[in-house]
Amino acid sequence: MSLFLLKNRKFPEFILPGCLIFVLCREIFLRLNRFTYFWVFKRLYYTHMKTRISFFLFCFLCLTLQAQPSTGTLRFAFLTDIHLDQANRNDRYNGLLSALEKVKELHVDFILTGGDMVDVSGMGKNMPEQTVDSMYRVIKNTLDQTGIPYHPAVGNHDRFFAPEKEYTQGDEYFRKYFGASYYTFQEKGVRFFILNSVQVKEEKGYYIGEEQMDWLKNELSSVPTSTPIICCTHVPVYSLYYPVVEGRYVFLDVIANYKELLAAFGSHNLQLVLQGHQHLHEEMRLQDVHYVTGGAVSANWWEGSFHGTKEGFLLVEVQENKKITWEYIPYGWKAKP
């Protein structure tokens, strides 16, 4: 048992206080020896020396290990397609609060959002900038108030275009409130890539732009190929939305240059791609990579379930052995008329 504890924790951090405690215990026993009625303690002290040393060390290890940082299970929530709007139709703001309360009950390490946090592009091209600013301020303050760290992704409905004000990429307001629209971070040995899958090109569709693709390749060059990778993108890499919803196979509402994106990951250990946009909970496994579309906090845009997917979010867990599991969590919201 002692060898296991020493192997899996930082021994140098507690060896000095351990020695001090042992010396203190030794002095106590020696001083007790001055009194004849403590002769039993003296006898016990001078016998089974190795047993006592092991006992004191083991007890100290048990106490100090409680203060060591855990490297155990990583647990996070993936919330996508919230679609807050200025009019608060169908009481959607309270719906979001209900979802966040459920997240708090699950004691997650952090939150990922999968895009479409606000309905900017879905409310007309002539939306006043102050309205856009107000909605972004509301969603940021709401996430801040949870006290849970969060990492947002940008979606197509989060974009605001106003060329006369140099809002030409669509993600300017997202960057104003949340920072870069694509980035990477690492938690408990897992590398995360949050992508901007709604960049603009002359061709129609959703893209990972050239600059972002170069950034991704450069970042991956410093990541060991054994490191587990989880990718978060609003627009899916793969999806069966149209066959399920409309009964037809079409190449729409997926990342247009998805082949280049997957090629960039090359021999790296990409294990899970978390996707939004479709409001469906769907799961696919292709070439040992899981592609999971995370339903929607808003389900059918706050009007009930969407083709069997209720208002909900994903709970994702990464075990110490790096096995990844997930579960779709409906949070019990009832659509308001």
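Aromatic pairs and the rest

A: To start with the rings, the structure holds 25 aromatic pairs; rings of Phe, Tyr and Trp (its six-membered ring) pair if their centres lie within 6.5 Å. This is a predicted model, in which local features need pLDDT of at least 70 and side-chain atom pairs count only at pLDDT 80 or more, while totals for chains, interfaces and linings use all residues. Residues are numbered from 1 along each chain as its sequence is written, and side-chain values use heavy atoms, with hydrogens and water left out.

Q: Which residues do ring pairs link into a cluster?

A: Tyr136, Tyr150, Phe160, Tyr167, Tyr173, Phe174, Tyr177 and Phe178.

Q: And which ring does the charged end of Lys201 sit over?

A: The ring of Tyr207, with the charged end 4.6 Å from the ring centre. The criterion is NZ of Lys or CZ of Arg within 6 Å of the ring centre and within 35 degrees of the ring normal.

Q: Sheets next. In what order do the strands of the five-stranded open sheet run?

A: The order is S3-S2-S1-S10-S11, with mixed pairing. Strands here are DSSP runs of E with at least two residues, helices are runs of H or I with at least four, and both are numbered from the N terminus. Two strands pair if DSSP finds at least two bridges between them.

Q: Which are the edge strands?

A: Strand S3 (150-152) and strand S11 (324-330), each of which pairs on one side only. From one strand to the next the twist averages 20 degrees; axes are lines fitted to C-alpha atoms, for helices over the stretch in contact, and angles run from 0 to 180 degrees between N-to-C directions.

Q: Do S1 and S2 run parallel or antiparallel?

A: Parallel: four bridges join strand S1 (residues 74-79) to strand S2 (residues 110-113). Phe76 stands opposite Phe110 in S2.

Q: What about S1 and S10, parallel or antiparallel?

A: Antiparallel, with five bridges joining them. Leu315 in S10 is the bridge partner of Ala77.

Q: How many bridges do S10 and S11 pair over?

A: Seven, in the antiparallel sense. Glu317 stands opposite Thr325 in S11. The two strands, S10 and S11, form a hairpin with five residues between them, and Lys322 in the turn has a positive phi of about 70 degrees.

Q: How many residues of S10 are buried?

A: Seven of the seven residues in strand S10 (residues 312-318); buried means under 20% relative accessible area, exposed over 50%, and partly exposed in between (1.4 Å probe, protein chains only). Both faces are covered, with Gly312, Leu314, Val316 and Val318 on one side and Phe313, Leu315 and Glu317 on the other.

Q: Switching to S7: why call it largely enclosed by the rest of the structure?

A: Because six of the seven residues of strand S7 (residues 269-275) are buried. S6 and S7 run parallel and are joined by six bridges, and Ile229 stands opposite Leu270 in S7. S7 also pairs in the parallel sense with strand S9 (residues 289-294), over four bridges. There, Leu274 stands opposite Val292 in S9.

Q: Now helix H8. Which of its residues are buried?

A: In helix H8 (residues 210-220), Gln212, Met213, Trp215, Leu216 and Leu220 are buried. Seen down the axis of H8, these residues fall within an arc of 160 degrees, so they line one face of the helix. The arc is that of the directions from the helix axis to the C-beta atoms.

Q: What's on the face turned away from the buried side of H8?

A: The exposed residues Glu210, Glu211, Asp214 and Asn218.

Q: And what covers the buried residues of H8?

A: The cover includes strand S4 (183-187), strand S5 (190-194), strand S6 (228-233) and helix H10 (258-265). Contact means heavy atoms within 4.5 Å.

Q: Loops, then. Where is His307?

A: His307 is in the loop between S9 and S10. Leaving aside neighbours within four places in sequence, His307 is in contact with Val245 and Leu280. His307 and Val245 are 62 residues apart in sequence and 7.5 Å apart in space, C-alpha to C-alpha.

Q: Is His107 buried or exposed?

A: Exposed, at 66% relative accessibility. His107 lies in the loop between helix H5 (92-105) and S2, and has a positive phi near 55 degrees without being a glycine.

Key. Phe/Tyr/Trp six-rings, centres within 6.5 Å; stacked < 30°, edge-to-face > 60°.
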